[in-house]
Amino acid sequence: LRVEPPPTHTRPHTQRHRRLTMQLQLSRLAQRRVARPAARAYSSAVAAVQPPTHVATMPNQMRVATESTGGDTATLGVWIDTGSRYESDATNGVAHFLEHMSFKGTAKRNTRQLEMEVENMGGHLNAYTSREQTVYYAKVLKQDVPRAVELLSDILLNSTFSPAAVENERQVILREMEEVESQIEEVVFDRLHEVAYVGTPLARTILGPTENINSITADDISRYVKTHYTAPRMVLAAAGAVEHDQVLDLASEYFGGVPTVAPAGHDYENHASLFCGADVRDFKEDMPAANFALAFEGLKWTDPDVFTLMLCQSLLGTYDKKSSNMQYATAPMVLALDKYKVAEQVQPFCTCYNDTGLFGVYVTANLDSYDDYSTLFQILQDEMLALTQGVSDEDLARGKAQLKYNLLQQMDGTSPTAEEIGRQLLTFGRRMNLAETLARVDDITAADVKRVADKVCWDQEVSFAAIGSNLKYIGDINSLRRGTYWNRV
């Protein structure tokens with residue numbers, strides 16, 4: 001992408017914007033009503049039906065975790081503590097390349113045999129790579145659980161990485177990169193990571209640069225596997241129609257030989273990802289709208305306040321101009337956006353990593369004046385800062401209900417449950433059951449929201465990434481930074 005320097009125009013707050021600030025503050029004061037009693041009893045009842053999660057550690061330190069929820073199908077997979085942040089600048093993209101190569105044949109099965117075996121089981125086999133994790137998983141019928149475990153081990157431990165297959169897959173990945181470039185939201189978040197974590201591991205994209213994709217070899221892939229696919233960094237998680245003892249026996253048989261440490265000379269560096277305030281803007285006047293993300297540094301997975309920050313995300317609410325339901329919304333930010341019609345869509349986000357996070361809003365807007373963009377950013381930043389001043393009891397209850405619904409929805413089915421088990425064992429080092437999760441949400445107070453919002457948002461650095469048209473009307477990074485505080489009397 002061609003990135004040009006942004007114009008340095010900044011606009012003073014007009015009388016219109018001062019009136020807007022007063023209206024927003026009065027609206028928030030008017031909404032401080034007594035909330036309905038918290039639904040702790042309901043939360044406890046929901047959590048009571050969750051079956052226990054059994055966790056065992058094999059002699060090579062690979063962990064096996066199962067949750068038997070009954071039924072006739074099961075999801076099982078291997079979650080690995082590695083992704084693009086564990087690569088170097090020279091090897092960025094190899095983790096994703098490896099994900100593709102894992103389905104291109106092993107010492108026992110060629111590509112066709114692999115596809116036919118999964119199809120004959122009536123199962124589903126897939127994989128994905130993120131910045132911190134790589135996952136291979138299968139969804140199968142109950143009687144095919146042993147075959148699925150063996151199949152996963154063959155893919156992970158015995159893939160051949162033939163030079164011919166590498167060359168073929170190289171072209172597939174290059175085409176995939178072209179498709180990703182057309183997905184504006186994906187591009188914006190990649191750019192956001194680049195400016196939020198300049199020069200540190202999380203700045204790297206998952207697919208890697210084109211020059212790396214063109215140069216990665218079978219030897220690079222094999223070296224990556226030997227370096228990062230060690231037993232202590234792997235979790236075999238299963239949910240659904242599974243029995244713990246059976247899965248543990250299968251894991252011992254097929255994954256017992258995974259080494260505990262990497263071979264000599266296969267070391268890697270795990271640098272911290274440091275957040276910094278910066279921005280990038282890609283001016284594309286032929287696009288119909290501007291797409292951008294504005295973010296503060298959030299919290300890491302293990303931060304005690306991570307659920308409170310997730311609640312802050314819920315409190316902000318989601319806005320869609322095309323939806324007729326916006327007029328019935330209760331979130332102050334959504335009400336203000338619906339009143340002034342200065343955005344097409346606004347989606348808050350709370351992204352967590354092992355040592356940092358991102359908290360902010362993703363926006364699509366089609367505006368053509370300084371005043372309209374100034375109004376939009378004032379609404380966005382004022383409502384994030386409003387959380388530092390407190391939240392009404394009613395809004396707190398609404399936000400908790402929405403957050404709990406989202407958390408429960410993420411665990412609806414064997415695949416989401418296995419995903420949650422695998423991710424939690426890698427990030428928390430343990431399984432956080434539903435009862436504890438909902439209790440943590442229930443225990444959040446208005447004072448907690450104020451404290452955490454103050455820590456994350458008040459007078460803190462921001463990062464900003466934008467692609468699209470009319471970006472010239474958006475203030476520079478100093479203007480955005482000034483929107484992170486108010487003059488207190």
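The legends below describe close-up views of a predicted model. Local features need pLDDT of at least 70 and side-chain atom pairs count only at pLDDT 80 or more, while totals for chains, interfaces and linings use all residues. Residues are numbered from 1 along each chain as its sequence is written, and side-chain values use heavy atoms, with hydrogens and water left out.

**Figure 1. Overview of the protein chain, with 18 helices and 12 strands.** Helices (H or I, at least four residues) and strands (E, at least two) are DSSP runs numbered from the N terminus. Of the 489 residues, 54% are buried; buried means under 20% relative accessible area, exposed over 50%, and partly exposed in between (1.4 Å probe, protein chains only). Contact means heavy atoms within 4.5 Å. Among contacts between residues at least 6 apart in sequence, 82% join residues at least 24 apart.

**Figure 2. The largest nonpolar core, of 60 residues.** Such a core is a set of buried Ala, Val, Leu, Ile, Met, Phe, Trp, Tyr and Cys residues joined through side-chain atoms within 4.5 Å. The members touching the most others are Phe292, Leu337, Val346, Phe359, Val363, Tyr373 and Leu376. Helix H11 (residues 306-316) supplies the largest share, 8 residues. Another core, of 54 residues, lies apart from it and includes Ala95, Ala127, Ala138 and Ile221.

**Figure 3. Surroundings of phenylalanine 292.** Leaving aside neighbours within four places in sequence, its contacts include Val188, Val361, Tyr362 and Val363. Tyr373, Leu376, Phe377 and Leu380 are also among them, as are Phe464, Ala465, Ala466 and Ile474.

**Figure 4. Packing of helix H12 (residues 332-340) on helix H13 (residues 370-386).** The angle is about 170 degrees and the axes are 9 Å apart. Axes are lines fitted to C-alpha atoms, for helices over the stretch in contact, and angles run from 0 to 180 degrees between N-to-C directions. H12 and H13 are therefore roughly antiparallel, a term for angles over 145 degrees. Pro332, Met333, Ala336, Leu337 and Tyr340 in H12 meet Thr375, Leu376, Ile379, Leu380 and Glu383 in H13.

**Figure 5. Packing of helix H14 (residues 393-409) on helix H16 (residues 434-442).** The axes lie 10 Å apart at an angle of about 160 degrees, so H14 and H16 are also roughly antiparallel. On the H14 side, Lys400, Leu403, Lys404, Leu407 and Leu408 take part; they meet Leu434, Thr437, Leu438, Val441 and Asp442 in H16. By class, this contact has 6 nonpolar, 1 polar and 3 charged residues. Ala, Val, Leu, Ile, Met, Phe, Trp, Tyr, Cys and Pro count as nonpolar, Asp, Glu, Lys and Arg as charged, and the others, Gly among them, as polar.

**Figure 6. Helix H9 (residues 218-228) and its cover.** Ala218, Ile221, Tyr224, Val225, Thr227 and His228 are the buried residues of H9. Their cover includes strand S3 (73-80), helix H3 (94-101), H5 and helix H6 (163-181).

**Figure 7. Serine 153 in helix H5 (residues 145-158).** Serine 153 is buried, at a relative accessible area of 6%. Not counting residues up to four places away in sequence, serine 153 touches Asn158, Tyr254 and Phe255.

Figure 8. Glutamine 61 is partly exposed, at 43% relative accessible area. Aspartate 459 is partly exposed, at 37% relative accessibility.

Conventions
Angles under 35 degrees count as roughly parallel, over 145 as roughly antiparallel, 65 to 115 as roughly perpendicular and the rest as oblique.
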